[in-house]
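Good morning, and thank you for making time for this presentation. I shall go through one structure step by step, beginning with a chain and ending with a single residue. Please look at the display first.

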Amino acid sequence: MTDLTSLTIAEARDALKRKTVSASELADAHLRAIARARALNAYVLETPDAARAMAEQSDRRIASGEAGPLEGIPIGVKDLFCTKDVRTTACSHVLYNFVPAYESTVTARLWRDGAVMLGKTNNDEFAMGSSNETSFFGPVISPWRRKGANTPLVPGGSSGGSAAAVAANLCLAATGTDTGGSIRQPAAFTGIVGIKPTYGRCSRWGIVAFASSLDQAGPFTRTVRDGAIILRSMAGHDPRDTTSADRPVPDYEAAIGRPVKGMRIGIPKEYRVEGMAAEIEELWEHGIAWLKGAGAEIVEISLPHTKYALPAYYIVAPAEASSNLARYDGVRYGLREPGRDIVAMYENTRAKGFGKEVRRRVMIGTYVLSAGYYDAYYLRAQKVRTLIKRDFEEVFARGVSAILTPATPTAAFGIGEKGGADPIEMYLNDVFTVTVNMAGLPGLALPAGLSPEGLPLGLQLIGRPFDEETLFALGEVIEQAAGRFAPQPWW
Amino acid sequence: MNAPVKPTKLIKGTDGDWEVVIGMEIHAQVTSRSKLFSGASTAFGGAPNAHVSLVDAAMPGMLPVINEECIRQAVRTGLGLKAKINLKSVFDRKNYFYPDLPPGYQISQYKSPVVGEGEVVVDLADGASVTVGIERVHLEQDAGKSLHDQHPTMSFVDLNRSGVALMEIVSKPDLRSSEDAKAFVSKLRSILRYLGTCDGDMEKGSLRADVNVSVRRPGAPLGTRCEIKNVNSIRFIGQAIEYEARRQIEILEEGGAIEQETRLFDPDKGETRSMRSKEEAHDYRYLPDPDLLPLEFDQAFVDALRAGLPELPDQKKARFTEAMGLSAYDAGVLVAERETADYFEAVARGRDPKIAANWVINELTGRLNREGRPITESPVSADQLGAILDLMAEGTISGRIAKDLFEIVWAEGGDPRRIVDERGMKQVTDRGAIAAVVDEIVAANPDKAAQAKEKPAVIGWFVGQVMKSSGGKANPKAVNDLLKQKLGL
C-alpha cells in the first residue's frame, strides 16, 4: 500500500471510513516520519502521547459511527496557537516555558471535529519574519533543494515549520497564521496550498497576537480540496473574539469543481514589479492561460495604492505588535530576568527574551506611536490602508470575481542569504501578500510550477470578503492544470 | 463659565485678590457584576487574585469582550448629566508598563468617548446654584494593586481590580472655590447613586478625584495648572485645593512661575507634593484597540435607557418644593441621598409634608448623624415615624411626648400607638381636669399671676408648670387657652 503519510486528507478520510486504515496507524506513520525528519527542525514540540491517545479515541468514534469531519486526521499546529497543557512558546525565549491552561478556539474546533495533534510546529518568533530564521528554536530547513545542490533553503515564514511539515509529509495538514503573508509565502516556497481566510473568518482567541487587525489563522494542505475540508472546521463565529464574523460557514468542499466559466479574473498591472524574475512572469502567464482555458474572462485591473502597502504595513503591524508584546514583562509567566528594580527587570527580561527582529519591530512600533510622530506615521498608514481597501472594493464592484497574482517575487532563498544587513530585503518578500491583509480579504496561494532550479513557485488568488468558495473553485482549476509538487526526500 | 466671581470666593493675597480655577476628573467605579472586558467578578474584598480571568491576567492570545451592562451604565450616567450620547465611540489602548497593569496597556477611550458634553447644577451653601459643565465621560479599565509590604525583597500584585470598569467624568474648569468643588463632587455622587451607576463609596475607592488647580488675578487668562491625583474623600478634596491654591499664590507673589506637574495630596500633613513634572510625563502612545470594533448603538437603545431612568435629585427637589411646599433648603437636604428622599416620601405619604420633612431632617437625621448610622439602618422605620406623626396630628400625644415616644421607639422598637396606650402617654384633653391643675397652680403663685398681667410672656412659666404637673400629657393648646382665661389676658 502507499505510504500513509503521502495521502491527502480526502484520501485518508475515505480510507478511515472504509476502515482500510486506522487513525492509530495513520498517527504512528506520521510520528515515525517526524522522528526521521528532525533535521528539518519543523516541529519544536512532538506530542506522540497526545497523538496516540487522540487517534485511539478517533478509532473508537469511527467504530461507533460518531466520526467527525476530520476524524483521525493527523495535523501539526503552529506554536502560535495556545494548546491546553501543551507548551506554547510563539518560538520566543520569553515564553520558553509557557504552558497554557486553555485551548485556542481554532484548535479546539479541529479537535472537536476529530483531528489528531502530532505536535507544535516551528515559526518565526512571534510570527515576525519571512524565512523562519528568527525562531528561538533555530531555523527550519526546507525539504526542497535546488537541483544538484545541497544548500539549505528557507521554507519561508513565519509559518515555516507548518509549511515544511506538510510539504515533507510530516502531517496531512497544519495550521498557520498570516499577518502579512505568513501562510501564503511559505506555502509558495514549499509547493503546497496555503489559505489566509477573510479577516474575521477564524477566531483569534487563544492565538498569540502579533498584529491584531491583520492576524488571521488558516491551513496548509497539499491540495486545494484538503484546504477546503479543513478550513470548514477552523472557521466560524466566536463570541470571545469580537472581530470574528457572525455568519455561517459554507461547505467549502462543495465549491471544488464548481465551474469558473464566465468569472472575471483581474490581473493587477501594479503587481508587475520591476526586476520580477522571468520565471515568475512566466508562471503568472500560465495561470492566466489555465483560467482562460476554463472559460474565465481575464481583465487587466489597477490597484493604484499597491506601492504604499508594504511601507504602511511595516508601520501598522509593528505599532500593534509593540502594544501586544508589552505583556511579556516577566511579571506573571514566561522568562524573568531579575534586576535591581522593576524597570531593570523589564529591561533585562525583554532584552534577553526577545530576539533581534522582535526587538526591532517593537522599537519601530513604539516610535511610530510616539507623541509627535503618531500623525505622520500611524495615522497616515491607516489612511493608506483605507485607500488600499478601496482599490479592491472598486475592482470587485466592477464585477471582478477574483484577482490572480504571483504569491512571491522569487523562489525560496538560502538560509542566511537575506536580511542580514538590510531588513528591507527580507520585508520585500511580502510585497504581493501584505495588501490582502491590509484589506482584510481572503487569499489562497498554491503551487503552479517549478523554477529552472527546480524550486516550487506559487500563484495567489485574492477574493471578495468571505468568498473563499470562489478561490477554491479557481484553485482547483489551476491545481488540475499545474499538477502537484513534492520534494525529493534527502533527510 | 466667565461670569464674574463673587468677591467672597476670591482669595486675599498680600497684594490683591486671586481667583482659583478648578476642574475635576472623577473616576467612578461602574456598578456591574463583572468587569469591563471579562466575566470576572467585581466583588470588593475577595482574597488577592480571587477575581481574575485569563483576560485580566493578560495571558497570551486572550481578547477583551465588552460587557454591555457597563455600556448601559455609562449611557445612563450621560443621560443623568444631561449630556450628549455618542452613538459611536472608540476604545483605545493607553500604553505604559506597570506590574499591576498586566497587558502593558489600559483600555480607555481617548479621542471618541461614549458621552460628550453635559452639565451638573450644584447647589451651594449660601442658597445660590452654579452650573458646572461636563466635558466628557468615558469608560476605562481600573488597574490592579501592587502590595509592597508582604515580602522583604519583592512586591506582590493583586489583580482583583484589574479590568474593573471605571467612568472618567471630566468637568470643565468651572469651579471657583474648594466649597464649589466639594459641592460639585457631592452632587455628582448623589446623581450617580440615584442612577445606580456607581455606589459612590469613597472609602472603598469607588469614587476618586483628580483635581486640576490653577490661580489667576480676577479676569486674567487661565494660569498654569497642577493636577492633584487620586484624592479619595470630599474633605480631602477641599483641603487639597485650599493648600494648593495658597502654594501657587505664594509662588506667584514671590515672582515665581507655576510648573505644570502632577502632585499628590498627603492627608496626614494636609499638603500636596510633586509627583512628576511635565517632562517626566508618560508618552502613552495611544492607539485604537485593534481587538475591539468601534462601540456603536442606535438611538432606540439610548431612548430605552432614558425611559428607565429614575427621578433624579433636581427633579425630586423641584417636586418637593413645588408640589409639597417644602423650602428649597429642606428639599435640598432631603434629596441629597436617595435613601433619605425615599424615607421622607414614605413618611410624608398622606401626611403633612412640612412636618414630615421637619422630623426627618431634625429628629431622625440629626440622631442618625450623631450615631454615625446611615438612614438605611435607622432603628425607627418610616412606618413607625409616620405613626408617631399621626398620633401627634390627631391630638393623641403632644409634640413633646412625640419626642419622648421617638426615643422609646429608637431604643426599644415597637408599635408607637401601643406604646402610647400601654405607658399612658395620651395627651389630656379633658378641659375640666386641666382647669383644675391651672386653678391650683395660679392659686399657689399669686405673685407670678400679678406679674403676668404686666408681662404676658410670663404665661410661658405657667404653661411649663402645668405641663410638668401633668407629666407633659396636657394638651398645650388647652393649657394656653385656660391659663389666658384664668389670668385674664
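This is a predicted model: local features need pLDDT of at least 70, side-chain atom pairs count only at pLDDT 80 or more; totals for chains, interfaces and linings use all residues.

**Chain A and its overall form**

Chain A contains 15 helices and 11 strands; helices (H or I, at least four residues) and strands (E, at least two) are DSSP runs, numbered from the N terminus. Residues are numbered from 1 along each chain as its sequence is written, and chains are lettered from A and ligands numbered from 1 in the order in which they are written.

The C-alpha trace of chain A spans about 65 × 55 × 50 Å along its principal axes. Its radius of gyration is 21 Å, which agrees with the value near 23 Å that a compact globule of 491 residues would have. That radius is taken over C-alpha atoms, and the globule rule is 2.2 Å times the number of residues to the power 0.38.

Of the 491 residues in chain A, 61% are buried. A residue is buried if 20 or more other C-beta atoms lie within 10 Å of its own, exposed if 12 or fewer, and partly exposed in between, with C-beta atoms placed from the backbone.

**Where the chains meet**

How many residues of chain A are in contact with chain B? There are 33, and they meet 24 residues of chain B; two residues are in contact if their C-beta atoms, placed from the backbone, lie within 7 Å. On the chain A side, helix H9 (306–324), helix H10 (342–353) and helix H11 (356–369) each supply at least two residues. The largest share, three residues, comes from H9(A). By class, this side of chain A has 17 nonpolar, nine polar and seven charged residues. Here Ala, Val, Leu, Ile, Met, Phe, Trp, Tyr, Cys and Pro count as nonpolar, Asp, Glu, Lys and Arg as charged, and the others, Gly among them, as polar.

**The nonpolar cores**

A nonpolar core is a set of buried Ala, Val, Leu, Ile, Met, Phe, Trp, Tyr and Cys residues joined through C-beta atoms within 7 Å. The largest has 229 residues, and those with the most contacts inside it are Ile75(A), Val116(A), Ala173(A), Phe184(B) and Val211(B). H9(A) gives the most to this core, with 10 residues. Apart from it lies another core, of 33 residues, including Tyr343(B) and Met425(B).

To return to Phe184(B): leaving aside neighbours within four places in sequence, its contacts include Met24(B), Val120(B) and Leu175(B).

**Chain B: domains and one residue**

Chain B is divided into domain 1 (7–304), domain 2 (309–422) and domain 3 (431–487), with bounds from an automatic or database domain assignment. The C-alpha centres of domain 2 and domain 3 of chain B lie 32 Å apart. Each of these two domains of chain B gives four residues to the contact between them.

Finally, consider Thr262(B), which lies in strand E13 (residues 261–266) of chain B. Why does Thr262(B) count as partly exposed? The reason is that Thr262(B) has 17 C-beta neighbours inside 10 Å. Leaving aside neighbours within four places in sequence, Thr262(B) is in contact with Glu227(B), Lys229(B), Met275(B) and Arg276(B). The C-alpha atoms of Thr262(B) and Glu203(B), 59 residues apart along the chain, are separated by 23 Å.
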